[in-house]
Amino acid sequence: MALWDSLNVLVPKDEQSRIAPSRDSSLSADQEAAMLHPAHFNVDSTIEPASRIISLDRELRVGNQLGKIEPPEFPVDRPWLPQQALEILKKLTKGPIAEKELIRLMDLVADRAIDHFQLKEGGFVALTFLGRIVEVSDTRIGLLREIQGHKFTEEIFVWRVGFRSFSGRL
Amino acid sequence: MSSTRTILKENYSDGRAMTNMRILVLNRDGSRQITIRKRVKIDTGFDSGVHIRESEMSELSIIGVKATLGSVTLAGNIPANAHYCLAYLQQIGEWEFPPPGMEIVLVFQGSNREGLLGMEVLSHWITTFDGPNRSFKIVCPRA
């Protein structure tokens, strides 16, 4: 039977006759074959072979062979970033961006990181553009003392917790 | 008994409280340094250390110091990109600090020829503005 062959469903031979569709005697062998063809039934042949699900020993197996449930990957050292931040980050990888956009990006990333790590208002923080915290300090001088001269694998920026910038006319 | 030492006493310049300062930037191991001389305006509205124009940042690369990106809020609540580094205030007016100097935050932003001396430095001292006599004075409150 074309359908069963194409889907690689492994069914014990003694059961094949029981579950196979009954043959319409009015159809020719070619017509029947055409109707059972995956294209005719709109079957997506790229779907995993059914042998993964139905096995000869009738044991139902879902997922990987070991039956282990894998947790989804999620970052523990950085927050989820809003879509707008991700879009600006993507632009950054292609070339320079406008000053306004860079400030917006720092604002978005700092906001999420401060919220995620529940940082104390008024403190000073150095963080990466993915929201990873590099250093935290109670003073600007203390923060710069810690980070100056260190080489970081990612570009970093400094921010004041609870404010819209690191310094200025606040 | 406490006393005060006068650090600086100057007349206003063009109606503004201004002075000269010398700032030192060191690399991490202290083997290389640059000195920046700047005329600055006393700015009680600026909450950080010393603000100077961005073009002066290029000198940092000579000594292998990289200023860190951040942002600064300018007058009118306008946000702008800025770069920050740790520096040492060595001299203000005629007053010299013991080496290496007072630790300050140096902000690089904009293109103004004149710099700003902000509250982070001023908060160490007592600053008096004498409007009628168009002068100002900075004193150190320590004995």
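**The contact between the chains**

Guide: Begin with the interface. This is a predicted model, and in it 23 residues of chain A are in contact with 25 residues of chain B.

Visitor: Which elements of chain A supply at least two residues each to the side that touches chain B?

Guide: Two helices and two strands are to be named here: α5 (99-116), α6 (140-147), β3 (156-160) and β4 (167-168) of chain A. Of these, α6(A) gives the most, with 5 residues.

Visitor: How does that side of chain A divide by class?

Guide: It has 13 nonpolar, 5 polar and 5 charged residues.

Visitor: Which strands pair from one chain to the other, and in which sense, parallel or antiparallel?

Guide: Look at β4(A) and strand β5 (residues 68-74) of chain B. They run parallel and are joined by 2 bridges. A:S167 has B:V72 as its bridge partner in β5(B). A:G168 stands opposite B:T73.

**Following β5(B)**

Visitor: What else does β5(B) pair with?

Guide: Strand β6 (residues 78-92) of chain B. Here the two strands run antiparallel, with 7 bridges between them. One residue pair to find is B:L69 with its partner B:H83 in β6(B). Then check the turn. The hairpin of β5(B) and β6(B) has 3 residues between the strands, and B:G76 takes a positive phi near 85° there.

Visitor: Why is β5(B) described as largely enclosed by the rest of the structure?

Guide: Burial is the general idea. A residue counts as buried if 20 or more other C-beta atoms lie within 10 Å of its own. In β5(B), 5 of the 7 residues are buried, so the strand is largely enclosed by the rest of the structure.

Visitor: How should I read a core?

Guide: In soluble globular proteins, nonpolar side chains tend to be buried together. In this model the largest nonpolar core has 54 residues. A:V109, A:L127, B:V50, B:Y84, B:C85 and B:L106 touch the most other members.

Visitor: Which residues is B:L106 in contact with, leaving aside its neighbours within four places in sequence?

Guide: B:I23, B:V25, B:G49, B:V50, B:I52, B:C85 and B:A87.

**An open sheet in chain B**

Visitor: What is the strand order in the open sheet of chain B?

Guide: The order is β1-β11-β10, with 3 strands and antiparallel pairing. To find the edges, look for strands that pair on one side only. Those are β1 (5-11) and β10 (126-130) of chain B. From one strand to the next, the twist averages 15°. Strand β11 (residues 135-140) of chain B pairs with β1(B) over 6 bridges. B:R5 stands opposite B:C140 in this pairing.

Visitor: How is chain A built along its sequence?

Guide: Chain A has 6 helices and 4 strands. The pattern reads α-α-α-α-α-β-β-α-β-β. Of its 170 residues, 16% count as buried. Take contacts between residues at least 6 apart in sequence: 53% of these join residues at least 24 apart.

Visitor: Where in chain A is confidence lowest, and where is it highest?

Guide: Lowest in helix α1 (residues 2-7) of chain A, at a mean of 43; highest in β3(A), at 97. Residues 1-12 of chain A stay under 50, and the model has 25 contacts for them beyond four places in sequence. Over residues 49-57 of chain A the pLDDT is also below 50.

Visitor: What are the scores for the model as a whole?

Guide: The model scores ipTM 0.92 and pTM 0.75.

Methods: Residues numbered from 1 in each chain as written. Chains lettered and ligands numbered in written order. Predicted model: local features only at pLDDT ≥ 70, side-chain atom pairs only at ≥ 80, totals over all residues. Pairing = 2+ DSSP bridges. Axes fitted to C-alpha atoms, helices over the stretch in contact; angles between N-to-C directions. Contact = placed C-beta atoms within 7 Å. Nonpolar A, V, L, I, M, F, W, Y, C, P; charged D, E, K, R; others polar. pLDDT = per-residue confidence, 0-100. Core = buried A, V, L, I, M, F, W, Y, C linked by C-beta atoms within 7 Å. Buried ≥ 20, exposed ≤ 12 C-beta atoms within 10 Å, placed from the backbone.
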